[in-house]
Amino acid sequence: MNIRIATAGDAAAIAAVHVDSWRGAYRGLLPDAVLDGLDVQRRTAGWTRLLEQPEPRSVVLVAENSSGRVTGFVHLVPTRDDGGDSTGEITSIYARPSGWGTGTGRGLMAAAVDAARAAGFTALTLWVLRDNDRARRFYEAAGWRPDGSTKDDVVAGAPVTEVRYRRAL
């Protein structure tokens, strides 16, 4: 597995992983109609914009298999919550469901932590659906802990509760 900084040329591959992963991870947590209606082209446009105009101290990293196919990605930004300049946030970390349990997620998480340190962050946060047990186990195995913050939100038209996790660097 190779992990590298994403370029605008990776947008379609990232979008495909994003859609594939959402369909695998959120089945039963979000309405089937929402998951079945996800559009790779629409997500490609969003990822293209983000990759062509990155925000300061943000990075998208991709994992590639030995054939050069993008199998996962992680997006790191300065926190969108109160946390000051020293806190970063992982907004997305996804791998193709066919690669779950292969180390792709662990590799991406380790690379994101390294990138956060290089960007000068001393802590990281992320939000996860309260009922996403698989993701919560993954984060906790990587040293993340809930910090007590929750929020009710609407994701793809469905009401959800999210839990914030935190990790010191």
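This is a predicted model: local features need pLDDT of at least 70, side-chain atom pairs count only at pLDDT 80 or more; totals for chains, interfaces and linings use all residues.
Residues are numbered from 1 along each chain as its sequence is written, and side-chain values use heavy atoms, with hydrogens and water left out.

Back to our strands. S6 (145–155) and S7 (158–168) run antiparallel and are joined by 8 bridges. When I say strand or helix, I mean a DSSP run, numbered from the N terminus: E with at least two residues for strands, H or I with at least four for helices. Two strands pair if DSSP finds at least two bridges between them.

Now the whole sheet. What is the order of its strands? The sheet is open, has 7 strands with mixed pairing, and reads S1-S2-S3-S4-S5-S7-S6. At the edges sit S1 (2–5) and S6, each pairing on one side only. On average, neighbouring strands are turned by 25 degrees against each other, direction ignored. As a reminder, strands of a sheet pair through backbone hydrogen bonds, either parallel or antiparallel.

Let's look at S3. This strand pairs with S2 in the antiparallel sense over 6 bridges, and 7 bridges join S3 to S4, again antiparallel. In the hairpin of S2 and S3, with 5 residues between the strands, glycine 68 takes a positive phi near 85 degrees. Of the 9 residues of S3, 8 are buried, so S3 is largely enclosed by the rest of the structure. Buried means under 20% relative accessible area, exposed over 50%, and partly exposed in between, with a 1.4 Å probe and protein chains only.

Over in strand S2 we find glutamate 64. Is glutamate 64 buried or exposed? At 13% relative accessibility, glutamate 64 counts as buried. Its side chain makes a polar contact of 3.0 Å with that of arginine 4. A polar contact is a pair of N or O atoms within 3.5 Å; within protein, one must be able to donate a hydrogen and the other to accept it, and residues adjacent in sequence count only if both atoms are side-chain atoms.

Next, helix H5 (residues 133–141), where Ala135, Arg136 and Tyr139 are buried. Seen down the axis of H5, its buried residues fall within an arc of 100 degrees, so they line one face of the helix; the arc is that of the directions from the helix axis to the C-beta atoms. The face turned away from that buried side carries the exposed residues Arg137 and Ala141. Just after H5, glycine 143 takes a positive phi of about 95 degrees.

Finally, the core. Which residues touch the most other members of the largest nonpolar core? Of its 23 residues, Ile90, Leu126, Tyr139 and Trp144 do. H4 gives the most to this core, with 7 residues. A nonpolar core is a set of buried Ala, Val, Leu, Ile, Met, Phe, Trp, Tyr and Cys residues joined through side-chain atoms within 4.5 Å.

Technical notes:
Contact means heavy atoms within 4.5 Å. Axes are lines fitted to C-alpha atoms, for helices over the stretch in contact, and angles run from 0 to 180 degrees between N-to-C directions.
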